Each structure stands twice: as C-alpha cells, then as structure tokens.
Amino acid sequence: MNTDPIADYLTRIRNANAANHRVVEIPASNLKKEMTKILFDQGYILSYKFEDDTAQGTIKIALKYDKLTKDPVIKKIQRISKPGLRKYAGANELPRILNGLGIAIVSTSHGVMTGKQAQADKVGGEVLCYVY
C-alpha cells in the first residue's frame with residue numbers, strides 16, 4: 001500500500017529522468033492518467049500508453065530528452081500539496097511557475113488542469129505539483 005500515490009508517480013518520473021531511461025512504468029489511477037495527459041499536451045513527455053493488463057492497470061510513459069544536449073525536458077517536478085498539508089489556491093491566487101515557462105497541475109471541481117486553464121475558467125483548487 002502506498003500512502004501518497006501522486007508523490008510516487010512524480011518520484012518514478014524524476015528517477016527515470018535522472019537515470020536517462022526512455023520509458024517508465026507506473027501503476028495507474030484516474031488522477032495519474034489525467035496528469036499524464038496534461039504532461040503530454042504541454043510537451044513534457046514524448047508519449048504515453050494506458051495498459052489494462054492487470055486489475056489496476058499501468059501507465060507507460062516515454063520520456064522526452066533534448067536532441068542536442070541529451071538533457072531531460074523535465075528539469076524539476078515537485079509535489080506541492082501533500083497528504084499532511086494540503087495546499088489550495090483560488091482562481092486569482094494560482095502561482096506562475098518560472099514566469100509562465102513552467103506549469104502548475106491543479107485538481108479543480110472541473111477536473112485536473114493546468115494553472116493557466118484554471119485561471120481562464122475562473123476556478124481554484126488543490127495545487128498538486130509544479131513542472132518545469
């Protein structure tokens with residue numbers, strides 16, 4: 001049993017990036033699937049695949065690296081709201097990451113979205129993580 005599945009998801013991506021792995025496999029959940037879709041839409045990962053081979057299923061993520069320097073595209077992926085201390089932000093208080101170069105992934109009443117989308121929709125929510 002994992003007490004914080006989102007932190008585990010982010011740590012698996014962080015560790016695979018540090019070890020220069022091409023693909024990382026993560027146990028699936030609906031929240032993790034939505035976060036993966038956001039990372040793909042924002043250009044932080046190359047591709048993803050949802051597999052339902054087990055009861056829980058898995059997510060296979062192909063990580064993205066810079067063509068010239070071979071550095072990972074994801075420089076930092078940081079958990080913000082933790083089970084012991086939840087962080088919520090209103091639509092006007094959502095943070096800008098690296099002056100708009102990074103993204104904040106926010107869980108709102110309208111679903112999981114980036115901080116920019118949440119501001120445009122004028123909804124606040126729980127700030128799950130920062131990616132840049």
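**Entry 1: Asn17**

Leaving aside its neighbours within four places in sequence, which residues is Asn17 in contact with? I looked these up in a predicted model, where local features need pLDDT of at least 70, side-chain atom pairs count only at pLDDT 80 or more, and totals for chains, interfaces and linings use all residues. Residues are numbered from 1 along each chain as its sequence is written, and side-chain values use heavy atoms, with hydrogens and water left out.

I found Leu63, Tyr65, Pro72 and Ile74 in contact with Asn17. Contact here means heavy atoms within 4.5 Å. I placed Asn17 in helix α1. Helices (H or I, at least four residues) and strands (E, at least two) are DSSP runs, numbered from the N terminus. Asn17 has 6% relative accessibility, so I noted it as buried. Buried means under 20% relative accessible area, exposed over 50%, and partly exposed in between (1.4 Å probe, protein chains only).

**Entry 2: the whole chain**

I listed 3 helices and 8 strands. From the N terminus on, I read the order α-β-α-β-β-β-β-β-β-α-β. The C-alpha trace spans about 40 × 40 × 25 Å along its principal axes. Of the 132 residues, 41% are buried. I also checked the contacts with a separation of 6 or more: residues 24 or more positions apart account for 62% of them.

**Entry 3: α1 against α2**

Two packed helices are described by the angle between their axes and the distance between the axes. I took helix α1 (residues 5-18) and helix α2 (residues 30-41); their axes come within 10 Å and cross at roughly 40°. Therefore α1 is oblique to α2. Angles under 35 degrees count as roughly parallel, over 145 as roughly antiparallel, 65 to 115 as roughly perpendicular and the rest as oblique. The crossing is right-handed.

Which residues of α1 and α2 make the contact? From α1 I noted Pro5, Ile6, Tyr9, Leu10 and Ile13. From α2 I noted Leu31, Lys32, Met35, Thr36 and Leu39. By class, I have 8 nonpolar, 1 polar and 1 charged residues.

**Entry 4: Val112**

Is Val112 buried or exposed? Its relative accessibility is 19%, so Val112 counts as buried. I found Val112 in strand β7 (residues 111-114). Not counting residues up to four places away in sequence, Val112 touches Leu31, Glu34, Met35, Ile38, Ile105, Val106 and Ser107. Leu31 and Met35 also came up in the contact of α2 with α1. I then checked Leu10: Val112 and Leu10 are 102 residues apart in sequence and 16 Å apart in space, C-alpha to C-alpha.

Note on methods
Axes are lines fitted to C-alpha atoms, for helices over the stretch in contact, and angles run from 0 to 180 degrees between N-to-C directions. A crossing is left-handed if the near helix is turned anticlockwise from the far one by less than a right angle, and right-handed if clockwise. Ala, Val, Leu, Ile, Met, Phe, Trp, Tyr, Cys and Pro count as nonpolar, Asp, Glu, Lys and Arg as charged, and the others, Gly among them, as polar.
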